[in-house]
Amino acid sequence: MNNVITDAINLKSYNLSESDKIVVMYSKEHGLIRGVAKGVKKPKSKLGARMDSLVANKIMLYKGKNLDTICQAEALNTFNKTRQDLDKLVYSSYVSEIVSIFGVEEDPSSKEVYELFYKALDRISNAKTKKDVMIAVIKFQLKMMLIVGFGLEFDSCLCCREEILNEDMYFSVQMGGVVCQECNEELGVKLKLHHKMRDFLQAMMQFDFNYESDYDKKATSKVCDVCFNLLNDYIQSHTDKKIKTLSVVDETLN
């Protein structure tokens, strides 16, 4: 079949010529895909703003020998409120970069990743506060790592396998989860984790984006910042690519 129709979210684009661009997208059925948007840089282009980053479209691709061509694009969601708020734009770009790093072509988990990506962007776009933005990003971080096979362990100590209840523990970026105080006497993990923060992270991993739990309501901006950075360190440990959006987060938002 020469034509492919799929839902896809634009990740980034590159100039191909004076009027054409190559657009990199994450699609619901095929994972990472690339397509040429011909004439998109011309004022009267039919594709126009639908090829901007962070736009979800239903697209039709014509399969070519080397490069596919984007024939049609119907906007499903432009996440418009994101473009009016710097926090939302930066953290949406961060989420997009994580998908770019861990997404693959013909990804067997493409539907799960696409739906998670879409929900995260939508939730960020409609967030009322910076804290709501951060909670959406934390949920994305946890769930994305789970889908790609790097899920975190918060229930039991990774060394002795004993369940950790209402006591403080340590979080190991290298091991991917929590270590009890007794086992940590030998390991020497530096990052101490309060059991209430562990409970918050566990809830964020389990609950859907649209479910507002007591943990969402009680979380403070400080807790969200600590959890975001902790999870980002963990994500960064699983890729050789530097997460570039973070330099913008550090320089612009802090």
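Modeller: Here we go. One place to start is Ile-22, whose bridge partner in β3 is Val-36. Keep in mind that this is a predicted model.

Biologist: Thanks. How do β2 and β3 pair, and over how many bridges?

Modeller: They are antiparallel, with seven bridges between them.

Biologist: And what do the five strands close into, and in which order?

Modeller: They make a barrel, and going around it the order is β1-β2-β3-β5-β4, with mixed pairing. On average, neighbouring strands of this sheet are turned by 50 degrees against each other, ignoring direction.

Biologist: Which strands does helix α1 touch?

Modeller: Helix α1, residues 86-102, packs on the sheet and touches β1, β2 and β3. The direction of α1 makes about 110 degrees with that of β1.

Biologist: What about α2, which strands does that one touch?

Modeller: α2 packs on the sheet too, touching β1, β2, β3, β4 and β5. Its direction makes about 60 degrees with that of β1.

Biologist: Let's stay with β4 for a moment. How many of its residues are buried?

Modeller: Five of the seven, so β4 is mostly covered.

Biologist: Switching to the helices: at what angle do α1 and α3 pack?

Modeller: About 5 degrees, and their axes are 10 Å apart. That makes the two helices roughly parallel, because angles under 35 degrees count that way.

Biologist: Which residues make that contact?

Modeller: From α1 they include Tyr-91, Tyr-94, Val-95, Ile-98, Val-99 and Phe-102. From α3, among them are Val-133, Met-134, Val-137, Phe-140, Met-144 and Met-145.

Biologist: How do the residues of that contact divide into nonpolar, polar and charged?

Modeller: Twelve are nonpolar, one is polar and three are charged.

Biologist: What is Ser-92 in contact with, beyond its sequence neighbours?

Modeller: Leaving aside residues within four places in sequence, Ser-92 is in contact with Leu-54, Thr-82, Leu-121 and Ile-124. As for Val-137, its C-alpha is 8.2 Å from that of Ser-92, with 45 residues separating the two in sequence.

Biologist: Tell me about Leu-54. Where is it, and what is its phi?

Modeller: Leu-54 sits in the loop between β3 and β4. Its phi is positive, about 60 degrees, although Leu-54 is not a glycine. With a relative accessibility of 6%, Leu-54 is buried.

Biologist: And Arg-161, what is its phi?

Modeller: Arg-161 has a positive phi of about 65 degrees, and it is not a glycine either. You'll find Arg-161 in the loop between α3 and β6.

Biologist: New topic: how many salt bridges are there?

Modeller: The count comes to seven. One of them joins the side chains of Lys-28 and Glu-115, at 3.9 Å from N to O. Lys-28 is in the loop between β2 and β3 while Glu-115 is in helix α2, so this pair ties together parts 87 residues apart in sequence.

Biologist: Which other salt bridges can you show me?

Modeller: Asp-68 and Lys-63 form one at 3.0 Å, N to O. Asp-68 is buried at 11% relative accessibility, whereas Lys-63 is partly exposed at 38%. Asp-199 and Arg-198 form another, at 2.8 Å from N to O. Arg-198 counts as buried, with a relative accessibility of 3%.

How values were computed: Residues numbered from 1 in each chain as written. Predicted model: local features only at pLDDT ≥ 70, side-chain atom pairs only at ≥ 80, totals over all residues. Heavy atoms only, no water. Salt bridge = Lys/Arg side-chain N within 4 Å of Asp/Glu carboxyl O. Helix = DSSP H or I, 4+ residues; strand = E, 2+ residues; numbered from the N terminus. Buried < 20%, exposed > 50% of the residue type's maximum accessible area, 1.4 Å probe, protein only. Pairing = 2+ DSSP bridges. Axes fitted to C-alpha atoms, helices over the stretch in contact; angles between N-to-C directions. Contact = heavy atoms within 4.5 Å. Parallel < 35°, antiparallel > 145°, perpendicular 65-115°, else oblique. Nonpolar A, V, L, I, M, F, W, Y, C, P; charged D, E, K, R; others polar.
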